[in-house]
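Subject: Structure for your files

Dear colleague,

Here is the structure I promised to pass on. My notes on it follow below.

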Amino acid sequence: MEDNNSWVGGEVRQINDRVISVQVLVMMFLGINFLLILTFFKKKSFYTIARYILFAVTLLSDSLIILISDILYLLAYFNFTIKVWYCISISMVLILYSMVTPVTLTAMTLERYVAICMPLRHAELCSQCIHVHCILIIHGLSSIPCIVVFSSFFASASFSLYKQHRICSLQLYVLHRWQGHIRSTVQQFYFLIMVIIIVYCYVKIMKVAKTASGENKKSTWKGLRTVILHGFQLLLCLIQLWTPFIENYVFHINLNLFFNVRFFNYVLFYLTPKCLSPLIYGLRDDHFFHALKNYAFFYVYKRNILQSRLVVFNRKNAQCA
């Protein structure tokens, strides 16, 4: 009996440690993304450049996903139930912006393709007027999987279900096996198209890189490495689609192993890519890195000045007293 109690206590402590570690990672990743977002908004020259605008869209999208997924993670951990209607509203945003990031990455790849392979048309195709249309198209394309998921759910769910209190999870919307298959098929189709686009852009930029010379060659090879980075980011997004199937398989084998695998997938394939990938992209870009460095140093310098002034002020008050 004592052995069982100690085993249960060890499991509880392990789960608590995982929740704490997730919260630390979430705060750290949101802090990094917030710094990158502030850098974008502080530098007005970024507002007119297509790749920086699309980069800001991915930052905002990833930050929103991290925040919402962490809230759902905590609600599930504390077994906190909410009305299904509220859960639907939250999940719509989560599913929408889960697709916004990979679609935006594909748009960023196309922007590099136009800049390198069609430089004379780059200013026309990536003008300031096109930016708004591009963002609207990205959100329009990203909303299709969301519409498919909830259309199938609304068609098969009873009205009484919407008033019930449930733990908010995306699995809530899979009432029948075919609904999961439809969702998976739509997402896999999207990623197949995205992979084809990225591979096509890579091949075209590679051909230009071989024929370029001097400064153009250096710029072209840098653009090629950027496309490779977008392909890696897209691969991480694709792995996220496979993790529910892996977790579902492990769930029927071993419950303890299921929690380990779920925690591993959430941290490695969900949280980490949404911070590290944008950070790497931001550090690779010379202009953005220079602005980020100046802003970060200015913030640290300003904070040190305020702290030193506060110390001097406290000393004067102490002397007067």
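Rings of Phe, Tyr and Trp (its six-membered ring) are taken as a pair if their centres lie within 6.5 Å, and planes over 60 degrees apart count as edge-to-face. By this rule the model, which is a predicted one, has eleven aromatic pairs.

Aromatic rings

In one of these pairs, the ring centres of phenylalanine 153 and tyrosine 162 are 6.1 Å apart and the planes stand at 70°, so the arrangement is edge-to-face. Phenylalanine 153 and tyrosine 162 are both buried. Tyrosine 162 also pairs with phenylalanine 154: here the centres are 6.2 Å apart and the planes are again at 70°, so this pair is edge-to-face too. Phenylalanine 154 is partly exposed, at 34% relative accessibility, whereas tyrosine 162 has 7% and counts as buried. Ring pairs join these residues into a cluster made up of Trp85, Phe150, Phe153, Phe154, Phe159, Tyr162 and Tyr173.

Nonpolar cores

The largest nonpolar core has 37 residues, and the members that touch the most others are Phe40, Phe191, Met194 and Phe288. At least two residues of this core come from each of helix H1 (2–42), helix H2 (50–77), H3, helix H7 (177–211), helix H8 (214–251) and helix H11 (286–320). H3 supplies the largest share, eight residues. Leaving aside residues up to four places away in sequence, methionine 194 touches Met99, Pro102, Val103, Thr106 and Leu234. Another core, of 29 residues, lies apart from the largest one and includes Phe29, Cys146, Phe150 and Leu172. Cysteine 146 has 10% relative accessibility and counts as buried.

Leucine 94 is placed in helix H3, which spans residues 84–117. Leucine 94 has a relative accessible area of 5%, which is under the 20% cut-off, so this residue is buried. Its contacts, not counting residues up to four places away in sequence, are Ile65, Ile68, Ser69, Leu72, Leu170 and Tyr270.

Threonine 109 is buried, with a relative accessible area of 0%. With the same exclusion of residues up to four places away, threonine 109 touches Ile198, Cys201, Val227 and His230.

Cysteines

How many disulfides does the structure hold? There is one, between cysteine 87 and cysteine 168, with an S to S distance of 2.1 Å. The torsion about the S-S bond is about 90°, so the disulfide is right-handed. Cysteine 87 belongs to helix H3 and cysteine 168 to the loop between strand S2 (165–166) and H7, so the bond ties together parts that are 81 residues apart in sequence. Both ends are buried: cysteine 87 has a relative accessible area of 1%, and cysteine 168 has 5%.

Cysteine 201, one of the contacts of threonine 109, is in no disulfide, and the nearest cysteine sulfur, belonging to cysteine 117, is 7.6 Å away. Cysteine 201 is buried, with a relative accessible area of 0%.

Regards

Methods
Residues numbered from 1 in each chain as written. Predicted model: local features only at pLDDT ≥ 70, side-chain atom pairs only at ≥ 80, totals over all residues. Heavy atoms only, no water. Helix = DSSP H or I, 4+ residues; strand = E, 2+ residues; numbered from the N terminus. Buried < 20%, exposed > 50% of the residue type's maximum accessible area, 1.4 Å probe, protein only. Contact = heavy atoms within 4.5 Å. Core = buried A, V, L, I, M, F, W, Y, C linked by side-chain atoms within 4.5 Å. Phe/Tyr/Trp six-rings, centres within 6.5 Å; stacked < 30°, edge-to-face > 60°. Disulfide = S-S within 2.5 Å.
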